[in-house]
Amino acid sequence: MMRRAFSSFGIFAVIALIAIGVMQTASTADEITVYRSPTCGCCLAWVDHLRANGFSVNVEEMRDLTPIKQKLGVPGDLEACHTATIGGYVVEGHVPASDIRHLLASKPKAKGIAVPGMPVGSPGMERGDEKEPYDVILFGDAGETVFATH
């Protein structure tokens with residue numbers, strides 16, 4: 001009887017530990033750090049978009065983002081008003097949360113993804129019904145390619 005009780009306890013303990021590990025991994029994967037200028041309002045709107053889509057956002061304000069963009073390897077032609085890091089990737093500009101989730105799930109060999117500039121209608125750049133088409137670019141050592149089109 002004692003042996004059976006211990007076995008049941010052991011099984012429940014293992015299941016609990018696995019569940020805790022899965023929850024910790026999921027919460028870590030949803031943590032994103034955003035580097036932004038303290039004077040940029042659209043960056044805050046993008047942060048709101050991320051939070052509304054389940055991300056835990058850490059905001060680091062910097063007057064000059066050039067050093068962080070250079071350190072993270074953001075190509076000059078892909079630069080935007082803010083830069084973020086998540087899961088070992090760089091996220092540059094007004095990238096939709098769904099594309100960040102797709103990046104994390106697909107795990108491509110790349111430095112990150114970017115929406116160059118500030119396209120109207122992208123997350124954080126909403127202006128009523130106005131919307132211009134834009135691409136999310138995957139970038140890294142192998143060059144640049146379209147990751148998603150909106």
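From the N terminus on, the elements of this protein run α-β-α-β-α-β-β-α-β-β-β. That makes four helices and seven strands. Helices (H or I, at least four residues) and strands (E, at least two) are DSSP runs, numbered from the N terminus.

A word on the source. This is a predicted model, where local features need pLDDT of at least 70 and side-chain atom pairs count only at pLDDT 80 or more, while totals for chains, interfaces and linings use all residues. Residues are numbered from 1 along each chain as its sequence is written, and side-chain values use heavy atoms, with hydrogens and water left out.

Now the whole chain. The protein has 150 residues, and 39% of them count as buried. Buried means under 20% relative accessible area, exposed means over 50%, and partly exposed is in between (1.4 Å probe, protein chains only). Next, contacts, meaning heavy atoms within 4.5 Å. Take those between residues at least 6 apart in sequence: 53% join residues at least 24 apart.

On to the inside. Which residues have the most contacts inside the largest nonpolar core? They are Ile32, Leu50, Ile100 and Ile113, in a core of 23 residues. A nonpolar core is a set of buried Ala, Val, Leu, Ile, Met, Phe, Trp, Tyr and Cys residues joined through side-chain atoms within 4.5 Å. Several elements supply at least two residues each, including strand E1 (31–36), helix H2 (41–52) and strand E7 (143–149). Helix H4 gives the most, with four residues. Apart from this core lies another, of six residues, among them Val74, Leu78, Ala114 and Ile137.

Look at Leu50. Leave aside its neighbours within four places in sequence. Leu50 is then in contact with Ile32, Val34, Phe55, Val57, Ala97 and Ile100.

Next, Lys69, in helix H3 (residues 66–72). Is Lys69 buried or exposed? Its relative accessible area is 4%, so Lys69 is buried. What does its side chain meet? It makes a polar contact with the side chain of Glu92, at 2.5 Å. A polar contact is a pair of N or O atoms within 3.5 Å; within protein, one must be able to donate a hydrogen and the other to accept it, and residues adjacent in sequence count only if both atoms are side-chain atoms. Not counting residues up to four places away in sequence, Lys69 touches Val74, Glu79, Ala80, Cys81, His82, Thr83 and Glu92.

Last, Ser106, in helix H4. Ser106 counts as partly exposed because its relative accessibility is 37%. Its side chain reaches the backbone oxygen of His102 at 2.8 Å.
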